[in-house]
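Open the model in your viewer and keep the selection panel at hand. The stops below say what to select and what is there.

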Amino acid sequence: MNGSVKIKLSEHSREKIDHWLKKFPEDQKQSAILAALLEVQHENNGFLTPEIMDTVADYLGMPNIAVYEVGSFYSMLETTPVGRHSISICTNISCMLKGSDEIVEYTEKKLGIKTGGSTSDGKLFLKTEEECLAACCGGPMMMVDHVYHENLTKEKIDKILDQLD
Ligand code: FES
C-alpha cells in the first residue's frame with residue numbers, strides 16, 4: 001500500500017487507464033504506467049504533480065518512487081507547470097537547411113518567450129528544439145501536442161498556433 005492519496009482520479013481517467021489495463025496480464029498492471037501518466041497529465045493541464053503520481057501509483061499498485069522514475073524520465077511527461085499546448089520545433093540538419101532557425105526565431109518573437117518557456121496565460125509551452133522527429137522530408141516541421149506540422153512558414157505557424165484554445 002502506498003502513502004496517502006491526495007487526489008481522486010476522474011471517472012474519465014479511470015476509464016482510460018482501465019482500457020489499457022485490459023491489455024496486460026492482471027499481475028502486470030505497471031505496464032499501463034505510461035498511458036496512465038499521459039492521461040492524467042492531459043487532465044491536469046499538461047503536467048504531473050507528486051500527488052497525481054501518488055494516486056496513479058496507488059491505482060496501479062506500484063511503489064510511488066517507481067512512478068516518479070517514469071514521470072521524470074520520459075520527455076513527453078512534465079513535472080513542473082507548463083503551458084497547456086506543447087510545441088517542439090525540429091532544428092536538426094534537414095530542418096535547419098530548410099529554415100528552422102528562422103521558424104524558431106519567429107515563434108519565440110510571436111509568443112514573447114524563449115524556447116523552454118510558457119506564455120503567461122498558461123496556454124502555450126515552447127518546449128524544446130527537437131533533434132529530428134523523423135519527418136525530414138517535410139522540414140521545417142514542428143510537433144504540437146504530438147501532432148506533426150510540416151513545411152512550415154510564418155503564415156502556417158500563425159494559423160496553427162492562433163487556433164489553439
Ligand atoms: S531533421 Fe527535422 S525531422 Fe528530421
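Select M143 and Y148. Y148, in strand 4, is the bridge partner of M143. Strands, like helices, are DSSP runs numbered from the N terminus: E of at least two residues for strands, H or I of at least four for helices. This is a predicted model, in which local features need pLDDT of at least 70, side-chain atom pairs count only at pLDDT 80 or more, and totals for chains, interfaces and linings use all residues. Residues are numbered from 1 along each chain as its sequence is written, and side-chain values use heavy atoms, with hydrogens and water left out.

Now widen the selection to strand 3, residues 142-144. Three bridges join strand 3 to strand 4, and the two run antiparallel. Two strands count as paired if DSSP finds at least two bridges between them.

Four strands form an open sheet in the order 2-1-3-4, with mixed pairing. Strand 2 (124-130) and strand 4 (147-149) are the edges; each has a single partner strand, so one side of each has no neighbour in the sheet. From one strand to the next, the twist averages 25°. Angles run from 0 to 180 degrees between N-to-C directions, with axes fitted to C-alpha atoms, for helices over the stretch in contact.

Contact means heavy atoms within 4.5 Å.

Helix 7 lies across strand 1, strand 3 and strand 4. Its angle to strand 3 is about 10°.

Move to helix 5, residues 93-97, and pick M96 there. Is M96 buried, exposed or partly exposed? M96 counts as partly exposed because its relative accessibility is 37%. Buried means under 20% relative accessible area, exposed over 50%, and partly exposed in between (1.4 Å probe, protein chains only).

Finally, zoom out to the whole protein. There are seven helices and four strands. From the N terminus on, the elements run α-α-α-α-β-α-α-β-β-β-α. The C-alpha atoms fill a box of roughly 50 × 30 × 25 Å along the principal axes. Of the 165 residues, 42% count as buried. Among contacts between residues at least 6 apart in sequence, 62% join residues at least 24 apart.
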